Amino acid sequence: MENLFRKLTLTLAVTVCAIAAYGQQDFGPKWGADPAEREDNVKKYNFFRDAYNNKEYDEALTYLPELLEKAPEGTQNLYIYGINIYKDKILKSTSLADKNSYVDELMKLYDMRSQYFGSDPQRGTPYILANKANDYASFKPADRENVIRYYQEALEANGESAEPDFVILYFNELTNDYKDDLIEADEYMAEYDKLEALFNLPHNSGAAGQKNTLEALFISSGAANCENIERLFADRVNNDPDVETLEKAVMLLARGKCDSDFYGIVGDKLYAQKPTTWLAMNLADYYDAKGEATRSLEYLNAAIANEDDPEQRLNLAIRISGSELEAGNARSAADFARQAINQNPESGLAYFFLGQAYAVGANQCSGFDRQAAYWVVYDTLAKAKSLLGNDTSQVGNIDSQMARIRANFPTQEECFFRGLENGQSYTVRCGWVGGSTTVRYR
């Protein structure tokens, strides 16, 4: 009881001192038309503030309308406190009519705050409208038209300074509308294009996570199909595009697994300006699928020429060897297979391709030279088999090939005629196929 008495006494003393002070100063024209009105408005504001601080929101609201009418420029705290009060009212309301009424009052407060304090350098109109949009989306999510409108007004006010998290909130709302068929694909993609550009600005370089979220939302929407992506980028790609535009188009086309002519056009243009191993390999796949083996090999060779990582170079060498075989370039296939073997002598696949290449090369010889070259082919395939022991599908294929090769070995008589005995060392010279091997009869 004594503590309560002291508290009341102190409050009364403060109020009396404050009232006494009112008469000794003029609070300026923002608080009213004349000194008497200003003093009255300041008193009411202090009563409003005290009620707010004590969470007596109903009492606080008895002062708010008059203060908004007579002293709307008095202090920005009038709006900050009022907004917090109405948000609390909305959350606690049990009537839809009351909730909607409170939301309307909340929006009015945001508009008045922007009107009278929009020039604040830290919390001016861009900040105010962003909070307005977020609150409206939270409290009236079913009103899709105004949810999107408020977000777009806030984005326009913020311009290039829009916070990445706010951009994501807006695009998430837009993505939901697109999925619900409330907006057209062209509008949705145009907004994505505009927002994605914000993340490429220097001051947003640290927002990689939000940029990935934006891309994930776009792809999840279903709008990022090949036809829409081409429609979105076609004009820019055909009119001397910059690297950033080409990179964005290639990324979306690659994610969509697009294999249209447009992908080849965009990929070729990007590679000409910014060659990378990843792009070269993707373009190699693209042209290989199109049956353009020469173009595919060009990109594979470009990829390996610019690749420094040993593991990647090994994989590329093996892949190029196989592609060269398919293109009928056995000697080149052998060169890349040997390059792979030099990097990794345990690569069974490299030996397999080398054996295939040697078989083609052996067939280009004739007579005994051809038959002897089959010993080298057999040795190479046997090495591949030993290294691919766990790959039963490959081993079975190799066994079949080795049987066919063995059937073409020279006969004992042919070897005897040349003074060669079974098990003897022999150096094969058959065009570009050569090496040390062992004499074997058919």
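The legends below describe several close-up views of a predicted model.

**View 1**
At the start of α2, the backbone nitrogen of Ala36 has a side-chain oxygen of Asp34 within 3.1 Å. Just after α2, the chain passes through Lys55, a residue with a positive phi of about 60°. The buried residues of α2 are Arg38, Asn41, Val42, Lys44, Tyr45, Asn46, Phe48, Ala51 and Tyr52.

**View 2. The packing of helices α4 and α5.**
Two packed helices are described by the angle between their axes and the distance between the axes. For helix α4 (residues 77–92) and helix α5 (residues 96–117), the angle is about 165° and the axes are 9 Å apart. That angle makes α4 roughly antiparallel to α5, since angles over 145 degrees count as roughly antiparallel. The two helices cross in a left-handed sense. On the α4 side, the contact is made by Tyr79, Ile80, Gly82, Ile83, Tyr86, Lys87, Lys89 and Ile90. On the α5 side, the residues in contact include Lys99, Tyr102, Val103, Glu105, Leu106, Leu109 and Tyr110, and also Met112, Arg113, Tyr116 and Phe117.

**View 3. The crossing of helices α6 and α8.**
Helix α6 (residues 125–139) and helix α8 (residues 164–179) have axes that come within 11 Å and cross at roughly 40°. The pair is therefore oblique, and the crossing of α6 and α8 is left-handed. Ala130, Ala133, Asn134 and Ala137 of α6 make the contact together with Phe166, Leu169 and Glu173 of α8.

**View 4. Asn204 in the loop between α9 and α10.**
Asn204 is found in the loop that joins α9 (185–198) to α10 (208–221). With a relative accessible area of 7%, Asn204 is buried, because buried means under 20%. A polar atom of the Asn204 side chain lies 2.8 Å from the backbone oxygen of Leu198. When neighbours within four places in sequence are left aside, Asn204 is in contact with Pro164, Leu198 and Phe199.

**View 5. The crossing of helices α11 and α13.**
The axes of helix α11 (residues 226–237) and helix α13 (residues 261–273) cross at roughly 45° and come within 11 Å. These two helices are therefore oblique to each other, and α11 passes α13 in a left-handed crossing. From α11, the contact involves Glu230, Phe233, Ala234 and Val237, and from α13 it involves Phe262, Ile265, Val266 and Lys269.

**View 6. Asp240 and Lys257, in the loops on either side of α12.**
Asp240 lies in the loop between α11 and α12 (243–255), while Lys257 lies in the loop between α12 and α13. Asp240 is not a glycine, yet it has a positive phi of about 50°. Lys257, likewise not a glycine, has a positive phi of about 55°. Asp240 counts as exposed at 72% relative accessibility, and Lys257 is exposed with a relative accessible area of 74%.

**View 7. Leu354 within helix α18.**
Leu354 belongs to helix α18, which covers residues 348–363. At 6% relative accessibility, Leu354 counts as buried. Not counting residues up to four places away in sequence, Leu354 touches Ala334, Ala337, Arg338, Ile341 and Thr380. The C-alpha atom of Leu354 is separated by 20 Å from that of Ser296, a residue 58 residues apart from it along the chain.

**View 8. Helix α19 and its buried residues.**
Helix α19 is made of 21 residues, 367–387, and reaches 31 Å from its first C-alpha to its last, close to the 30 Å expected at 1.5 Å a residue. The buried residues of α19 are Phe368, Gln371, Ala372, Ala373, Tyr374, Trp375, Val376, Val377, Tyr378, Thr380, Leu381 and Ala384. One of these, Thr380, is also among the residues that Leu354 touches.

Technical notes
Residues numbered from 1 in each chain as written. Predicted model: local features only at pLDDT ≥ 70, side-chain atom pairs only at ≥ 80, totals over all residues. Heavy atoms only, no water. Helix = DSSP H or I, 4+ residues; strand = E, 2+ residues; numbered from the N terminus. Expected span 1.5 Å × (residues − 1). Buried < 20%, exposed > 50% of the residue type's maximum accessible area, 1.4 Å probe, protein only. Polar contact = N/O pair within 3.5 Å; in protein donor to acceptor, adjacent residues only side chain to side chain. Contact = heavy atoms within 4.5 Å. Axes fitted to C-alpha atoms, helices over the stretch in contact; angles between N-to-C directions. Parallel < 35°, antiparallel > 145°, perpendicular 65-115°, else oblique. Left-handed = near helix turned anticlockwise from the far one by under 90°.
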